[in-house]
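Trainee: I am new to this structure and would like to go through it slowly, one question at a time. Could we begin with what a contact is, and then turn to the chains?

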Amino acid sequence: MRTYLDHAATSPLCLVARERLVEALEALGNPSASHRSGQLARRRLEEAREELADAVGAAPSEVVFTSGGSEADSLALLGSRYARPERPRLLISAVEHAAVAGARRFGAEVLPVDGDGHVLAEGLGQITDDVTVVSIIKVGNETGVVQDLDPWVERAHGRGAWVHTDAVQALGHVPVDFRGDGVDLMSLSAHKVGGPVGIGALLVRRGVTLAPAGLGGEQEGGIRSGTQSVALATAFAAAASQAVRELADEAPRLAGLRDRIRDVVAVAGGVLNGAGEACHIVNASFPGARSQELLLLLDQAGIDASAGSACRAGVSAPSDVLLAMGLGVEHAGSALRFSIGRTSTATDVARLAAVLPGVVERSRAGGH
Amino acid sequence: MKVLAAMSGGVDSAVAAARLVQAGHDVTGVHLALDRNPRPFREGTRGCCSLEDAHDARRAADALDIPFYVWDFSERFQEEVVADFLDEYRAGRTPNPCLRCNERIKFAAVLERGLALGFDAVATGHYARLVERGGIVELHRAADPLKDQSYVLGVLNQQQLRHCLFPLADTPKPKVRAEAASLGLKVAAKPDSYDICFIPDGDTQGFLRDHLGKQDGPIVDEVGQRLGGHRGSYGFTVGQRKGLDLRVPAADGRPRYVLRIEPKDNAVIVGPREHLAVSELTGVRVTWTSEPLMAPTRCLVQYRAHGAALPGQVGVDGDRVSVSLDEATHGVAPGQTMVLYDETRVVGSATIEAAR
């Protein structure tokens, strides 16, 4: 039996999502078709849209289904850029997921963060009338840092800029209220909250008109083309609404486990990275050890964890996010991310506690 | 045993890993990422470090149902192998980067990390035999001289050999491919790798030119008379005859060969073929597979990966070896590694410093 401590990468499919998925897979009909089969598919799709919108404080017309969080991020940034060429600047924080951080390739400017991973307020001044969108991740996928978006929304709206937030790790872990948060664009993903892989959504505030980033039949309000997957959408909606419903009980339960993982990390000689306010993520470095080796040894001991950073062909490099927080290369290169979710229990933490100190000791003994 | 199987993505290392699994070992596959900017696809028979090769290795590990990881040794490879390769050419020598990689990366850095992580041995798909005798692990040639790779393993010491496994040993190549096919490994028909892995287009001269730049210098005869010019002495190897482009004919009208390279003057020295003949070699950076030779000993000496093994007398003088070949040979270049054999057994190795 394996101990799964990588829920931030993907979390097991929950029962309601599974039931919905299996049931809907049987159904026939393209939701864009005009015949009766198509109408029934359309009905299920719209019911899913309404259910999801309701769970996250959005209007149904503000939900654009995508293939996942990364596509939602890409659509938010590219769609904003294409929609308002007269505002050429993009601002992103230094602690974004790769799907947003990738915008650096076409000139996105980076807002610096402090040692905890919070975006520094000094960046507010960079928001001027030529900025089209500011993107700040709501809950950091690597460290679990939670950002206060209010000052950014206020400043951006004063300058006509839009605010996008990647809320993939926020859903089910902190309260998510699209309208209340005041942002213009919000990315969500199903499989981090017990939904299926392959679907996510971009919430687009009424009045914000994005340009499509892909070609096709102009489904999803003309912004995201491609035949919608009714089965995935309905399973996503079920998982998301359950996660939101259970948040009040689940967040404190996970926070309790998180705190115990922090204790285990400290016993093993680890140093926490970032503020990590979210209830489900612990990121820590183990100076003198190396992430790759720690993961291999944990893997051998039956524990699934992550280095939390991008992998290129299986080769992990020190995380750009941790480096941006001011960590040295060696320190960042010894980081691990443990993330928990709905199926995590005290037994998981106990098994980590039994294994981690020896694993760290062994990797350190390798000497580098 | 807990074994770390180095998997290049080729058929040999895949079958080597498969045999260890079948023998009941606890096997973990590891692919070494050696190229800092790996190419997406493999090109023909060149190289072993494209992303496609990493993928092939991963799929072989999947077929064997063993854990698999990619280990990034690209920085270390760059420093210890590629930079050394360039330095050697810069100094007018002819290096063998595969030996260097075995010595510094595969059976050093990887082995050290493997041992530190609790593995007992590193396995590769080399064709060579290990024989344990009297508590010593001996390294022997594989039976098939065309496949034998003991030469590129000749730099390993006893400590390294004790933690090595070469499961292919003497197996004929067609049998390895057949075994791969019967195991359902997709690499069963994949072409073998040749050439230097970090020069994917096979153009060593172009690679050297790009990295060392043009270095104009003279081509001179043995008494120092200038016969022509060159754009970089790295473009020449000892024994080379073609491509000298000399305008001044030799007095006796006979062809001239590269005899040596003088890095001090960036000069290429040419002369008649008989002056290429050497029988006395001295070597530095000596390694021994077990005990060092104490007294002068008869050995077979091989100085190229697929060259002949020549009989001679080997003496040891401190940290050097000297070799007297029974019969003179041609085309020995400083920088090449000579591997010393007792019959089929590897005794040790040294880097050729001088030959006369």
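Mentor: Two residues are in contact if their C-beta atoms, placed from the backbone, lie within 7 Å. Please keep in mind that this is a predicted model.

Trainee: Which residues does A:Ala240 touch, not counting residues up to four places away in sequence?

Mentor: A:Ala240 belongs to the largest nonpolar core, where A:Ala240, A:Leu203, A:Phe236 and B:Ala17 touch the most other members. Leaving aside residues up to four places away in sequence, the residues that A:Ala240 touches are A:Leu52, A:Ala55, A:Leu171, A:Ala190, A:Val193 and A:Gly195.

Trainee: Which element gives the largest share of this core, and why does the core lie between the two domains of chain A?

Mentor: The core holds 206 residues, and its largest share, 17 residues, comes from H7(A). As for its place, domain 1 and domain 2 of chain A both contribute residues to the core, so it lies between domain 1 and domain 2.

Trainee: How is chain A divided, and how far apart are the C-alpha centres of its domains?

Mentor: Domain 1 of chain A is made of two stretches, 3–11 and 247–364, while domain 2 of chain A covers 15–245. Taking the C-alpha centres of these two domains, the distance between them is 27 Å.

Trainee: Where the domains of chain A touch, which element supplies the largest share of the domain 1 side?

Mentor: The contact brings together 27 residues of domain 1 and 29 residues of domain 2 in chain A. On the domain 1 side, helix H7 (230–267), strand E10 (281–285) and helix H9 (320–324) of chain A each supply at least two residues. By kind, the residues of that side are 12 nonpolar, 11 polar and four charged. The largest share, four residues, comes from H9(A).

Trainee: What is the order of the open sheet of three strands in chain A, and which of its strands stand at the edges?

Mentor: The sheet is paired in the antiparallel sense, in the order E9-E10-E14. E10(A) and E14(A) are joined over five bridges, and within this pairing A:Ala284 stands opposite A:Leu336. Because each has a single partner strand, one side is left without a neighbour in the sheet for each of the strands at the edges, E9 (271–272) and E14 (335–339) of chain A.

Trainee: Turning to the other chain, which element gives the largest share of the side of chain B that touches chain A?

Mentor: Here 13 residues of chain B are in contact with 11 residues of chain A. Helix H2 (51–64), strand E3 (68–72) and helix H4 (97–116) of chain B each give two or more residues to the chain B side, which divides into 10 nonpolar, one polar and two charged residues. The largest share, four residues, comes from E3(B).

Trainee: At which residue does H4(B) bend?

Mentor: The buried residues of H4(B) include B:Leu99, B:Glu103, B:Phe107 and B:Leu111. Just after the helix, B:Gly118 takes a positive phi of about 100 degrees. The bend of H4(B), about 30 degrees, is at B:Glu103.

Trainee: Which residue takes a positive phi in the hairpin of E10(B) and E11(B)?

Mentor: Strands E10 (257–262) and E11 (267–271) of chain B pair in the antiparallel sense over five bridges, with B:Ile261 opposite B:Val268. Four residues lie between the strands of this hairpin, and the residue with a positive phi, near 55 degrees, is B:Asn266.

Notes
Residues are numbered from 1 along each chain as its sequence is written. Chains are lettered from A and ligands numbered from 1 in the order in which they are written. This is a predicted model: local features need pLDDT of at least 70, side-chain atom pairs count only at pLDDT 80 or more; totals for chains, interfaces and linings use all residues. Two strands pair if DSSP finds at least two bridges between them. Domain bounds come from an automatic or database domain assignment. Ala, Val, Leu, Ile, Met, Phe, Trp, Tyr, Cys and Pro count as nonpolar, Asp, Glu, Lys and Arg as charged, and the others, Gly among them, as polar. A nonpolar core is a set of buried Ala, Val, Leu, Ile, Met, Phe, Trp, Tyr and Cys residues joined through C-beta atoms within 7 Å. A residue is buried if 20 or more other C-beta atoms lie within 10 Å of its own, exposed if 12 or fewer, and partly exposed in between; C-beta atoms are placed from the backbone. The bend at a residue is the angle between axes fitted to the seven residues ending there and the seven starting there.
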